[in-house]
Amino acid sequence: KNGKLQMPPSPRGQLPILGHLWRFDPTRPFRTIDKWAKELGDVITVYFGSTPVIVLSRQRVIREAFLKEGENFSGRPSLFVHESCWGKGHVISDGPRNSLLRRHLLAILRSKCRGVDSIQELVTVEIKRMHEYIEKQMGKNDYADIFLEDTVFYVVGNVLTQLVLGRRHEHGSIEFRESARWLDETTRLMEKSSALTFLPWLRHLPGGGLGYAEMKTQAKRVQDLMREDIHDRRRSGEYKDPSRTDLTSVFMRKIDEEMVGNEDLFSDEMLVRLMTEMFFAGIQTECNTFGWAFLYFLFYPEVQRECRQQILEALDSSEEILWNEKDRIPYLEATVAEVQRLANIAPFSMPHKNHEETTLDGYRIPAGSLIFMNLYTTLLDDHVFENAKEFRPERFLNGLRLDRARMAASMPYGIGPRMCMGESIARLELFCVIGSLLRTYSFEQTPGEKYSLDQKMELTIHPSKYRIRVRKLARTD
Ligand code: HEM
């Protein structure tokens, strides 16, 4: 119907087979795309191999597509490695049946925001353990040089394991180390095989086809662990107890009730995929964000002090840092928001697809196009965030309150019908864990470490791992 309209403009230098890939900064593709978006506009076409990708940048266009035409842009393209190794769970599926699945999953996650074993309670327990662990590292000293990101990995990992499986592992236990290992190994393989998404024929290359063969084996291994877990639960029947609120138990009850006629949504095999997807979507993203937060605290000690002062003024020493008290410590929430804006860990969000042909900015977007939400350029847009490259938590405050409009303009979790399902969990955890650490310790540079805020893309943008000197504060500090 829009046959006369043009496709969005493309940068120069498109080659057969490779498209524009050869022009990318290999470790920082987000910068190359940012440059093109600035030169050519908020709606452009970039060829990833022979696949045209429509890249949408900045508030106006992103809202128009993912909110105003949210349903149309809520599709997911076919992702070769994920689909052929892991199968389609929720994250890479689309359509009305999948929206139904998303609603069920969101209802389960929401129910975990209340009640006795709520996320807040789980986080509070893990924070206590984290402090015990740090104290142990310190021994008789008042400081320790530790890989703090690995320390919070226990918190994040245990909260998610509680959420998905209803159990936790002790710090340093074999089970925990094994889970961490499969997660690390899978992430490594995902990075190694990421080029296969656009150049799937590379899997035939000698030497394992960019990790494709290994990934297949790994996917089977990880999913077998989940299958075994479900199998054990079926045998014991414990999941039938309605007081079990972990995602696996609740979903298994759903399977029992609703499977007939709904085998595509409610089956043990679907649950296996959902369990793995939750672990992948939730753990690295959060750990990366914590890693960036700690780095920013080293570079901006005055921000540490301001957060701490506000916490000490708002709460007495016996009070836990709770998410529902966040309005008393707005500077801390603003700081987390500013870390997320600058860390920009998912610079293109996750790939989308539009179901029907439409127009954006006067350009034709054919049905079934691959769409990237360019969060990188959007969160660093100087028109919205003055001097956007500067780390200034105050930009999210309006006097003594959080500036809601500014918060909405920053969208590290994406927007629209496919927005991150773990947003409220992640924000709660970031706020409570960072708050409780800042209240008790100061973060300093460990002598000999060379810290850098430089961003590099692997699967996400993540910081290098550093030791950080965590120093216990005097009570009166
Ligand atoms: C700082 C932490 C996190 C960040 C920055 C983040 C960011 C994102 C982004 C950008 C997307 C893609 C949205 C889109 O397609 O438009 C996403 C999707 C998703 N996230 Fe997160 N996420 C985080 C933590 C979590 C956690 C803790 C969980 C699980 C409890 C989670 C579960 C998911 C799921 C299931 C999806 C797919 C939603 C769908 O396809 O419908 N995320 N996340």
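Two strands pair if DSSP finds at least two bridges between them. Helices (H or I, at least four residues) and strands (E, at least two) are DSSP runs, numbered from the N terminus. Residues are numbered from 1 along each chain as its sequence is written. This model is predicted: local features need pLDDT of at least 70, side-chain atom pairs count only at pLDDT 80 or more, and totals for chains, interfaces and linings use all residues.

**Stop 1: the sheet.** Find the open sheet of 4 strands, in the order S1-S2-S7-S4. Its pairing is mixed. Select S1 (43-48) and S4 (352-353), the edge strands, each pairing on one side only. Pick Phe48: its bridge partner in S2 is Thr51.

Stop 2: Select helix H1 (residues 29-40). H1 lies across S1, S2 and S7 (370-374). It runs at about 140° to S1 (axes are lines fitted to C-alpha atoms, for helices over the stretch in contact, and angles run from 0 to 180 degrees between N-to-C directions). Two residues are in contact if their C-beta atoms, placed from the backbone, lie within 7 Å.

**Stop 3: a loop residue.** Select Leu380, in the loop between helix H13 (375-379) and strand S8 (397-398). Is Leu380 buried, exposed or partly exposed? It is partly exposed, because it has 18 C-beta neighbours inside 10 Å (buried means 20 or more other C-beta atoms within 10 Å of its own, exposed 12 or fewer, partly exposed in between, with C-beta atoms placed from the backbone). Leaving aside neighbours within four places in sequence, Leu380 contacts Ala388 and Lys389.
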